[in-house]
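Student: I would like to learn how to read a protein structure feature by feature. Could we go through one together, with the general idea before each case?

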Amino acid sequence: MVNQSEVPATQSAVNRRRFLQVTFGATAGLSGILALRVPPAVHAQRRELSVLTTANYVPASDKKLEEQLQAFAKQAGVAVKIDHLRSEQMPAKLAAEVTTQAGHDVVELDLMAVWLHQAKLVDVNDIAAEVNAQMGDFYEFARDSAFINERWMAIPYFWIAFPGSYRKDLFEKVGEQAPDTWEDLLRAGRKLKKIGHPVGIPISQCTDSVQSMLSILWSYGGKVMEADGTTIALNSKETSETIEYVKTLYNETMESEVLSWDNAGNNRFMTAGKGSWIQNPASHYISAKTSKLPVAEQIYFHQTLAGPAGRHTTLNLRSLGVWNFSKEVELGKELIRYLFNEERYIQYITASDNYNHPIFPKFEAHSVWDIDPKYAPFKTIGRHSHLYTWPAQPDPKAQIVIYNYIIANMYAKAVTGTPTKEAIAWAEGEIKRVYEKS
């Protein structure tokens, strides 16, 4: 995909580990500003709100956000400064701001980062209530990401789906339709590899690999941890079944290049015309459309694949939070309120070509999905999507397991010759070491 998975470069396990270690070691609001009878220019000279976000893979999305921030600045009579960082730079930057108690006021938090930084974030229960009253409840995965100990510590902003993506012309050439199950993919993939167009799932140290491996694990009834967040559940019959499945899928439908892919590997695989199927957000398709590549016409999407235990997959999401050490806490909260005006929110989602999805089930029937008819399968995929640590909460130790690529490495070991039982035992041992540390 490229996601957190949409990242321009592979994220280092060492950086992740350092980030996790580091991160754990009132001013007037908009209404007050507008109530003061002082020319706005005076306030702009002495008040500035700074915002930090992840650079979006669709530049038009960042352009729209900047447009909205400047409209807020004009209305509030303040200055607003925004910085965009690549996703692999964000963990270290957020950790540095927490350590120094300085930096930006409003920050965009990727995936499960709210849990990591909850002690330094402002309670935004009041904003969540207002947003829900206007746009309905958040998806369950959004609630899981930012609602901690009965408090909203950030406001989920948008999410990015992780669907199946396939070459319709190639599937038709081998007499197949879009796959509905993982077994369908295996059957079609065997045929597709024979005609020189293999399937591609990264089995490597990148978050796309983690996402695909978890999708398969959950769909077959396996899991890393029990819902209690303390009981390791990886060593199971279901996990063994998924490893055997992935070994077969790798050997019979893929090529060895997937063992070294970063998060952009599968994107290049499809846009170059070689690949027949990947599991990925729409970034590769949007890029192909924008570049007017002929292959774009044949790239389609389908609902996440089903296994014996149903449909399950991961996702990416972004939330907006305010540091509690900010000197402009109330102004930061007013900015978030401003962005969640329904009309502005839909304008922002639309600007991304719906790469950013609405984070409210209410919008499953909204015309925002009609930007491109190929996005139709995305409408309900949120019902089957979970955070990486599901069914456990995204606590720090669960995140260490994810970002040290223990799950991805377990499958990589298996497809390169390690016996299934040994691969599982290795991963279980690594997880135990994480959870046994104080």
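Tutor: Let us begin with how elements are named: helices, of at least four residues, and strands, of at least two, are DSSP runs numbered from the N terminus. With that naming, Asn-354 is found in the loop between H16 and E14. Please keep in mind that this is a predicted model.

Student: What is the phi of Asn-354, and is Asn-354 buried or exposed?

Tutor: The general idea is that most residues other than glycine have a negative phi. Asn-354 has a positive phi of about 65° although it is not a glycine, and with a relative accessible area of 1% this residue is buried. Asp-353 lies in the loop between helix H16 (342-351) and E14 as well, and its phi, near 60°, is also a positive value in a residue other than glycine. Asp-353 counts as buried because its relative accessibility is 15%, and the cut-off for that word is under 20%.

Student: Which residues does a cis peptide bond join here?

Tutor: In general, most peptide bonds are trans. Here a cis peptide bond joins Trp-390 and Pro-391, with omega at about 5°, and Pro-391 has its place in the loop between strand E14 (385-386) and helix H17 (396-403).

Student: How should I read a sheet, and in what order do the strands of the open sheet with E7 stand?

Tutor: Strands of a sheet pair through backbone hydrogen bonds, either parallel or antiparallel. In this open sheet, 3 strands stand in the order E8-E7-E9, and the pairing is antiparallel. Strand E8 (277-279) and strand E9 (299-302) are at the edges with a single partner strand each, so one side of each is left without a neighbour in the sheet. On average, neighbouring strands of this sheet are turned by 25° against each other, direction ignored. Strand E7 (residues 164-167) pairs with E8 over 3 bridges in the antiparallel sense, and Tyr-166 stands opposite Trp-277 in E8. Helix H14 (residues 283-290) packs on the sheet, where it touches E7, E8 and E9, and the direction of H14 makes about 155° with that of E9.

Student: How many bridges join E1 to strand E2, and in which sense do they run?

Tutor: E1 and strand E2 (residues 79-85) run parallel and are joined by 7 bridges; Val-51, for instance, has Ile-82 in E2 as its bridge partner. Strand E1 (residues 48-54) is mostly covered, since 6 of its 7 residues are buried.

Student: What should I look at in a helix?

Tutor: An α-helix has 3.6 residues a turn, so residues three or four places apart point the same way. One case is helix H11 (residues 207-219), whose 13 residues reach 18 Å from the first C-alpha to the last, close to the 18 Å expected at 1.5 Å a residue. Because 13 of the 13 residues of H11 are buried, this helix is largely enclosed by the rest of the structure. H11 is followed by Gly-221, whose phi is positive, near 90°. Another case is helix H15 (residues 329-339), where 9 of the 11 residues are buried, so H15 too is largely enclosed by the rest of the structure. Its buried residues include Lys-333, Glu-334 and Ile-336.

Student: Which residues does Gly-321 touch, leaving aside those up to four places away in sequence?

Tutor: Gly-321 has its place in strand E13 (residues 316-322) and is buried, with a relative accessible area of 0%. Its contacts, not counting residues up to four places away in sequence, are Asp-105, Val-106, Val-107, Leu-109, Leu-121, Ala-154 and Ile-336. The C-alpha atoms of Gly-321 and Lys-333 are separated by 8.3 Å, and these residues are 12 residues apart along the chain.

Student: How many aromatic pairs does a search of the whole structure find?

Tutor: The search finds 31 aromatic pairs. In one of them, the rings of Tyr-139 and Phe-141 have their centres 5.1 Å apart and their planes at 10°, so the pair is stacked. Phe-340 and Tyr-345 are stacked too, because their ring centres are 5.5 Å apart and their planes are at 20°, where planes under 30 degrees apart count as stacked. Both Phe-340 and Tyr-345 are buried, and they belong to one aromatic cluster whose members include Trp-152 and Phe-363.

Student: Where does the charged end of Lys-413 sit?

Tutor: The charged end of Lys-413 sits over the ring of Trp-426, 4.8 Å from its centre.

Conventions:
Residues are numbered from 1 along each chain as its sequence is written. This is a predicted model: local features need pLDDT of at least 70, side-chain atom pairs count only at pLDDT 80 or more; totals for chains, interfaces and linings use all residues. Side-chain values use heavy atoms; hydrogens and water are left out. Two strands pair if DSSP finds at least two bridges between them. Axes are lines fitted to C-alpha atoms, for helices over the stretch in contact, and angles run from 0 to 180 degrees between N-to-C directions. Contact means heavy atoms within 4.5 Å. The expected span of a helix is 1.5 Å times one less than its number of residues. Buried means under 20% relative accessible area, exposed over 50%, partly exposed in between (1.4 Å probe, protein chains only). Rings of Phe, Tyr and Trp (its six-membered ring) pair if their centres lie within 6.5 Å; planes under 30 degrees apart count as stacked, over 60 as edge-to-face and the rest as tilted. A charge sits over a ring if NZ of Lys or CZ of Arg is within 6 Å of the ring centre and within 35 degrees of the ring normal.
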